[in-house]
Amino acid sequence: MNTLEAIAKRVSVRKYKSEQISEEALEKIIKAGCAAPMAMARYDSLHITVVQNEDVMKQIMDATAVFVTKAFGEGKSMDFGEKTLIIVSSTPAIVAGMEYANVGCVLENMLLAATDLGIANIIWGACAIAVDQNEELKKMLGIPEGFKPLLCASFGYAEKEEPAKTHNIAVTRV
Ligand SMILES: Cc1cc2nc3c(=O)[nH]c(=O)nc-3n(C[C@H](O)[C@H](O)[C@H](O)COP(=O)(O)O)c2cc1C
């Protein structure tokens, strides 16, 4: 698959099969994330946490469910049944907001690499917020002192193939 095909094919998947992704695929996804551009090349301002342990995953999803219910009300589940979850945390950026841009670059690289490998994915925020609000979970996950979980992404095999979407963003050409 070439790069433009992967970009066009990427789609958010919210229901996963129980099959785990291979170690080899995981390593390629992490490597793609580490190849991302980064403000002032401050690669040490980010931390990547890979979660595959079922008990820990359940604790994260339970905390996420509590957060999602508080934020959006009953009936909105964000437990997608994924077997691999990657959380990206950052220290505060020198220029406010850059940390989110950095994390977005890392995760989008991971998503495109996963799509190229035939691995379904989604980038999302709720789970990172839930982890950030739970000191016990942060400690259990080994998120270093001073780092804040900002976004996460799920990876696995889609329960159902999702068709590619077309999105539009307003463009002004001058
Ligand atoms: C920063 C960010 C946060 C997101 N947070 C969530 C989320 O909490 N829950 C969710 O289901 N999807 C989340 N998404 C996925 C978006 O809903 C999705 O990308 C958007 O609807 C476009 O659809 P597509 O990814 O299938 O093209 C998030 C995406 C981004 C980039």
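A pocket is here an open set of grid points with protein on both sides within 12 Å along at least five of seven lines, and its lining residues are those with an atom within 4 Å of a point. In this predicted model, the largest pocket is lined by 18 residues. Lys9, Val11, Ile119, Ala120 and Glu161 are the lining residues that lie nearest the centre of this pocket. The space within the largest pocket amounts to about 300 Å³.

Glu24 counts as exposed, because its relative accessibility of 55% lies over the 50% limit. Lys28, at 43% relative accessibility, counts as partly exposed.

A further group of salt bridges involves Lys138. The side chain of Lys138 meets that of Asp132 in a salt bridge of 3.2 Å, N to O. Lys138 also forms a salt bridge with Glu135, where the closest N and O atoms are 3.3 Å apart. Glu135 and Lys138 are both located in helix H6 (residues 135–140), at a separation of three residues, or about one turn of the helix. Glu135 is exposed, its relative accessible area being 56%. Lys138 has a relative accessible area of 13% and is therefore buried, the cut-off for this class being under 20%. Asp132 is likewise buried. Asp132, Glu135 and Lys138 are linked with Lys148 in a network of salt bridges.

Nonpolar side chains were examined at the surface as well. Met40, Ile94, Val95 and Met98 make a nonpolar surface patch of about 430 Å². Met40 counts as exposed, because its relative accessibility is 62%, and residues of a patch must have over 30% relative accessible area and no salt bridge.

How values were computed:
Residues numbered from 1 in each chain as written. Predicted model: local features only at pLDDT ≥ 70, side-chain atom pairs only at ≥ 80, totals over all residues. Heavy atoms only, no water. 1 Å grid on protein atoms, 1.4 Å probe; cavity = no way out; pocket = protein on both sides within 12 Å on 5 of 7 lines; lining within 4 Å. Points joined across faces, edges and corners; volume = space filled by probe spheres on them. Buried < 20%, exposed > 50% of the residue type's maximum accessible area, 1.4 Å probe, protein only. Salt bridge = Lys/Arg side-chain N within 4 Å of Asp/Glu carboxyl O. Helix = DSSP H or I, 4+ residues; strand = E, 2+ residues; numbered from the N terminus. Patch = residues over 30% accessible without salt bridge, like charges linked within 9 Å, V, L, I, M, F, W, Y side chains within 5 Å. Areas by Shrake-Rupley, 256 points an atom, 1.4 Å probe, with all protein chains shown as cover.
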